[in-house]
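Reader: Hi! Could you walk me through this one while I have it open?

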Amino acid sequence: MKKILILYFSGVGATKKVAEQIYACLSRDCEVDMFSVENSEAIDINRYDALVMGTPTYHAAPAKIIMGYVYSMPVLSKQVPAFVYNTRSLCSLNTNRLPLCTPLPRNGIIVE
Ligand SMILES: Cc1cc2nc3c(=O)[nH]c(=O)nc-3n(C[C@H](O)[C@H](O)[C@H](O)COP(=O)(O)O)c2cc1C
């Protein structure tokens with residue numbers, strides 16, 4: 001069974017709510033772990049076959065704590081596909097495409 005990691009940050013709950021919905025859908029067919037990035041020390045990211053990453057939009061950028069995780073992430077032992085999402089109130093501009101998705105391939109993460 002495929003193992004999927006859902007990693008998110010949520011200030012007041014919207015991004016967590018989306019993560020929970022994704023968890024409910026994926027758990028039908030896959031083994032899924034879900035963590036707030038605040039509890040990311042326990043994660044062995046090399047255990048997973050795919051990654052879902054969620055962040056609120058703060059000033060047209062991902063949350064700093066998510067970017068901190070991305071930049072401290074190890075290079076993975078195999079290439080892993082990822083789905084990246086953000087929540088926003090109006091307009092996320094390049095929140096996902098530039099700051100978040102650009103560094104991920106360096107770690108072996110292929111954003112779908
Ligand atoms: C400091 C701050 C900056 C924000 N900047 C943006 C923004 O640039 N664009 C936008 O559409 N929403 C912006 N928002 C709204 C949040 O992205 C939105 O409410 C998000 O769903 C919050 O997620 P959370 O409930 O998981 O914390 C901002 C919110 C805060 C508190």
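**Strands, core and ligand**

Author: Strand β5 and strand β6 (residues 109–111) pair in the parallel sense, with three bridges between them. Within that pairing, A82 stands opposite V111 of β6. Bear in mind that this is a predicted model.

Reader: Thanks. How many helices and strands does the protein have?
Author: There are three helices and six strands. Along the sequence they come in the pattern β-α-β-β-β-α-β-α-β.

Reader: Which way does β4 run against β3?
Author: That pair is antiparallel: two bridges join β3 to strand β4 (residues 61–62). Y58 has A61 as its bridge partner in β4.

Reader: What is in the turn of that hairpin?
Author: The hairpin of β3 and β4 has two residues between the strands, and H59 takes a positive phi near 50° there.

Reader: Changing topic: what about the overall shape?
Author: The C-alpha atoms fill a box of roughly 35 × 30 × 25 Å along the principal axes. A compact globule of 112 residues would have a radius of gyration near 13 Å, and the protein has 13 Å, which agrees. Of the 112 residues, 28% count as buried.

Reader: What share of the contacts comes from residues 24 or more positions apart?
Author: Among contacts with a separation of 6 or more, residues 24 or more positions apart account for 82%.

Reader: Which residues touch the most other members of the largest nonpolar core?
Author: Those are I6, L7, Y8, L51 and M53, in a core of 21 residues. At least two residues of this core come from each of β1 (3–8), β3, α2 (64–72) and β5 (80–87). The largest share, five residues, is from β1. As background, nonpolar side chains tend to be buried together in soluble globular proteins.

Reader: Now the ligand. How many residues surround the ligand, and which are closest?
Author: 18 residues surround the ligand, and the closest are G11, A14, T15, P56 and R88. Both α1 (14–26) and β3 (50–58) supply at least two residues of that shell.

Reader: How does the shell divide into nonpolar, polar and charged?
Author: Seven of the shell residues are nonpolar, nine polar and two charged.

Reader: One more spot. Where is N46 found, and is N46 buried or exposed?
Author: N46 is in the loop between β2 (31–36) and β3. N46 counts as exposed because it has 12 C-beta neighbours inside 10 Å, and 12 or fewer is the cut-off for exposed. Setting aside residues up to four places away in sequence, N46 touches L76 and S77. For a sense of distance, N46 and A61 are 15 residues apart in sequence and 26 Å apart in space, C-alpha to C-alpha.

Reader: And I45, what does I45 touch?
Author: I45 is placed in the loop between β2 and β3. Not counting residues up to four places away in sequence, I45 touches L5, M73, P74 and L76. L76 is also one of the residues that N46 touches. I45 is partly exposed, with 18 other C-beta atoms within 10 Å. I45 and F9 lie 36 residues apart in sequence and 16 Å apart in space, C-alpha to C-alpha.

Reader: Great, that's what I needed. Thanks!
Author: Any time!

Methods: Residues numbered from 1 in each chain as written. Predicted model: local features only at pLDDT ≥ 70, side-chain atom pairs only at ≥ 80, totals over all residues. Helix = DSSP H or I, 4+ residues; strand = E, 2+ residues; numbered from the N terminus. Rg over C-alpha atoms; globule rule 2.2 N^0.38 Å. Buried ≥ 20, exposed ≤ 12 C-beta atoms within 10 Å, placed from the backbone. Contact = placed C-beta atoms within 7 Å. Near = placed C-beta within 6 Å. Nonpolar A, V, L, I, M, F, W, Y, C, P; charged D, E, K, R; others polar. Core = buried A, V, L, I, M, F, W, Y, C linked by C-beta atoms within 7 Å. Pairing = 2+ DSSP bridges.
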